[in-house]
Amino acid sequence: MYRSIPVPEITDFAITNARILPIADAKGQRVEPIESGTILVSDGTITSVESGTVTAADLPDGTELIDAGQRWVLPGFIEAHGHLGVHEDGEGWSGDDTNEMTDPNGAGVRALDGIDPSEIGFKDALRGGVTSALIKPGSGNPIGGRTAFVKTWGRIVDEMLVTQDLSVKSALGENPKRVYGEKNVTPSTRMGTAKILRDAFVDAQNYLAKRAHAESEGIPFERDLVKETLADVLEGKLAFDQHCHRADDIATAIRLSEEFGYRLVINHGTEGHKIADYIADKGIDVILGPLMTSRSKVELRDRSLATAGALAKAGVRIALTTDHPVIPINFLIHEASLAVKEGLDPVVALEALTINPAAIFGLEERLGSLAPGRDADLVVWSGDPLDLNSRADQVFVSGRKVYEFDAAAGTADVADPFGPTLISEP
């Protein structure tokens with residue numbers, strides 16, 4: 001399936017004779033595809049996206065020319081909600097570090113400390129054109145912990161990290177009431193889960209007041225990592241990524257966010273179509289999915305591939321997710337394709353994998369589009385990515401070609417960050 005090759009250096013290059021889907025311009029506004037264009041990349045950053053083709057003679061010395069042969073070029077996809085590296089595909093319990101289910105309030109936990117870059121899911125991500133992911137701890141705790149946004153290629157997670165200052169994962173619904181109900185401790189009901197959250201945020205409010213008083217008086221203050229994380233949520237430094245499926249749980253998530261004044265992002269949103277107008281009126285973003293799962297629990301009984309289209313038509317900004325490893329991460333594009341089949345606009349479907357997740361978390365000036373100044377995370381597709389027959393032929397992460405499909409051999413070459421060639425070597 002995968003063949004390891006030495007790590008290539010980062011070079012300046014131009015991809016020409018390509019059908020380019022920039023997705024958005026430098027201001028984040030929707031733009032039309034370029035039927036035959038050229039992308040210039042220098043030092044890992046996109047410097048130009050223009051119509052027309054070029055030859056080697058048109059380029060600065062040392063710039064590699066890649067003829068796309070009218071293949072499609074898009075920004076790398078973003079997995080907006082998943083457990084890549086913290087729940088390792090095929091590793092069983094030993095590779096599952098998603099949930100620290102010993103305390104309902106896991107706000108002090110950080111996904112960064114549980115990510116294994118050698119998980120096969122990172123190679124699968126490249127196969128599916130996914131070049132970055134927001135990795136989230138928790139699904140069984142009312143508060144699961146701090147998330148981490150990483151590129152999907154590298155050897156050490158600290159080198160792959162874009163930021164871990166985006167959000168905190170939380171969960172409502174069946175998961176926390178089942179996990180802690182089986183332990184005969186709070187929460188064993190939806191009411192108990194909401195109480196845990198209210199208690200945690202009241203504690204964080206009190207912590208903020210005490211910290212401010214200590215700073216004003218110049219006296220020592222005892223730090224608390226759990227309360228500091230939630231204080232960052234209250235102060236708007238971190239979003240609250242709320243796992244919720246049922247419509248009533250979505251309403252509870254919104255109620256709590258308005259009670260304490262933090263920024264909410266709905267994760268999963270399975271029954272979002274039932275209250276799409278309400279979500280839109282509240283201006284809440286939804287990371288929807290996974291859409292291809294079985295109805296493995298009661299709160300998924302009304303799961304529908306049509307939910308994405310219903311939310312988008314109501315005016316809700318959506319992103320799509322595989323919830324890796326629930327669905328293999330390379331199937332992220334198929335989540336979009338199936339949603340299109342059931343009514344989602346194809347343009348919105350691609351935005352839901354690119355500029356939307358970037359903008360939801362304030363990363364649109366780096367990721368999610370092919371615009372000058374953006375990271376050179378880009379993918380050369382054999383055709384329309386929404387077509388089941390298309391595949392990611394070449395994948396670049398931060399300007400380095402790390403994946404290439406070999407059609408003759410029927411396998412994929414992946415630059416091996418753990419191989420004999422060091423990343424730092426030319």
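1. A nonpolar core is a set of buried Ala, Val, Leu, Ile, Met, Phe, Trp, Tyr and Cys residues that are joined through side-chain atoms within 4.5 Å. In this structure, which is a predicted model, the largest such core has 85 residues, and those with the most contacts inside it are Phe77, Ile135, Leu230, Phe240, Leu320 and Tyr403. The largest share of this core, six residues, is contributed by helix H6. As background, nonpolar side chains tend to be buried together in soluble globular proteins.

2. When its neighbours within four places in sequence are left aside, Ile135 is in contact with Gly82, His83, Leu84, Val86, Ala111, Ile115, Phe122, Thr147, Ala148 and Val150. There is also a second, separate core of 17 residues, which includes Ile15, Val49, Leu370 and Val380.

3. Turning to the helices, H4 (residues 190-217) packs with H6 (residues 247-260) at an angle of about 20 degrees, and their axes are 11 Å apart. Because angles under 35 degrees count as roughly parallel, H4 is described as roughly parallel to H6. The crossing in which H4 passes H6 is right-handed.

4. On the H4 side of that contact are Arg190, Ala194, Leu197, Arg198, Phe201, Val202 and Gln205, and these meet Asp248, Asp249, Arg255, Leu256, Glu259 and Phe260 in H6. Sorted by class, the contact of H4 with H6 holds six nonpolar, one polar and six charged residues.

5. H4 also packs with helix H5 (residues 225-234), here at an angle of about 90 degrees and with the axes 8 Å apart. An angle from 65 to 115 degrees counts as roughly perpendicular, so H4 is roughly perpendicular to H5.

6. In this second contact, Ala200, Phe201, Asp203, Ala204, Gln205, Tyr207, Leu208 and Arg211 in H4 meet Lys227, Glu228, Leu230, Ala231, Val233 and Leu234 in H5. By class, the residues of the contact of H4 with H5 comprise nine nonpolar, one polar and four charged. Phe201 and Gln205 are named in the contact of H4 with H6, and they are named again in the contact of H4 with H5.

7. How much of H5 is covered? H5 is mostly covered, with seven of its 10 residues buried, and the buried residues are Glu228, Thr229, Leu230, Ala231, Asp232, Val233 and Leu234. The elements covering these buried residues include strand E9 (143-146), strand E12 (167-171), H4, strand E13 (239-244) and H6.

Methods: Residues numbered from 1 in each chain as written. Predicted model: local features only at pLDDT ≥ 70, side-chain atom pairs only at ≥ 80, totals over all residues. Heavy atoms only, no water. Axes fitted to C-alpha atoms, helices over the stretch in contact; angles between N-to-C directions. Helix = DSSP H or I, 4+ residues; strand = E, 2+ residues; numbered from the N terminus. Parallel < 35°, antiparallel > 145°, perpendicular 65-115°, else oblique. Left-handed = near helix turned anticlockwise from the far one by under 90°. Contact = heavy atoms within 4.5 Å. Nonpolar A, V, L, I, M, F, W, Y, C, P; charged D, E, K, R; others polar. Buried < 20%, exposed > 50% of the residue type's maximum accessible area, 1.4 Å probe, protein only.
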